[in-house]
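Dear colleague,

My notes on what was found in it follow.

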Amino acid sequence: MAASSRAQVLRLYRALLRESQRFTAYGYRTYAIRRIRDAFRENKHLKDSEEIQTLVNKARTNLEIIHRQGIYLLHNVLSMYTMKAEC
């Protein structure tokens, strides 16, 4: 794996872990972190650049999903508190 490709994968790994920390529910958070770590460990010995790029693209898609879910959950939690304040 080229140095730039390795750096790209490490940035993506860190971003996935960082985003998964936003889950408020302990179960979701620990599951996401475990799955991320397991997937990256499982594929750390890959040498085929096309296969690596396919997995990077899949991970980026998953990062976007995690980001959207985190924002959605945060929005729901904040809206619960504003409803209580209005009552």
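With which residues is Ser20 in contact, leaving aside its neighbours within four places in sequence? Before the reply, please note that this is a predicted model.

Ser20 is in contact with Arg29, Ala32, Ile33, Ile36 and Ile66, once neighbours within four places in sequence are set aside. Ser20 itself belongs to helix H1. The residue counts as buried because its relative accessibility is 0%, and the limit for that class is under 20%.

Overall architecture

The protein has three helices and zero strands, and its elements follow one another as α-α-α from the N terminus. Helix H1 covers residues 3–20, while helix H2 spans 26–42 and helix H3 spans 49–86. Of the 87 residues in the protein, 23% are buried. The accessible surface amounts to about 6,900 Å², and carbon and sulfur atoms account for 56% of that area. Taking the contacts between residues at least 6 apart in sequence, 62% of them join residues at least 24 apart.

Charged residues

A search of the whole structure returned one salt bridge. The partners are the side chains of Glu19 and Arg22, with an N to O distance of 3.7 Å. The two partners fall into separate accessibility classes: Glu19 counts as buried because its relative accessibility is 15%, under the 20% limit, whereas Arg22, at 43%, counts as partly exposed.

Arg11, Arg14, Arg18 and Arg60 form a positive surface patch. Helix H1 contributes the largest share of this patch, namely three residues.

The loop between helices H2 and H3

Lys44 is located in the loop that lies between helix H2 and helix H3. Its relative accessible area is 55%, so Lys44 is exposed. Lys44 and Val9 are separated by 35 residues in sequence, and their C-alpha atoms are 10.0 Å apart in space.

Leu55 in helix H3

Which residues does Leu55 touch, not counting those up to four places away in sequence? They are Asn43 and Leu46. Leu55 lies in helix H3 and counts as partly exposed, because its relative accessibility of 31% falls between the 20% and 50% limits. Leu55 and Asn43 are 12 residues apart along the chain, and 8.9 Å separates their C-alpha atoms.

With kind regards

Key: Residues numbered from 1 in each chain as written. Predicted model: local features only at pLDDT ≥ 70, side-chain atom pairs only at ≥ 80, totals over all residues. Heavy atoms only, no water. Patch = residues over 30% accessible without salt bridge, like charges linked within 9 Å, V, L, I, M, F, W, Y side chains within 5 Å. Areas by Shrake-Rupley, 256 points an atom, 1.4 Å probe, with all protein chains shown as cover. Salt bridge = Lys/Arg side-chain N within 4 Å of Asp/Glu carboxyl O. Lys, Arg positive; Asp, Glu negative; His and termini not counted. Charge placed at Lys NZ, Arg CZ, Asp CG, Glu CD. Helix = DSSP H or I, 4+ residues; strand = E, 2+ residues; numbered from the N terminus. Buried < 20%, exposed > 50% of the residue type's maximum accessible area, 1.4 Å probe, protein only. Contact = heavy atoms within 4.5 Å.
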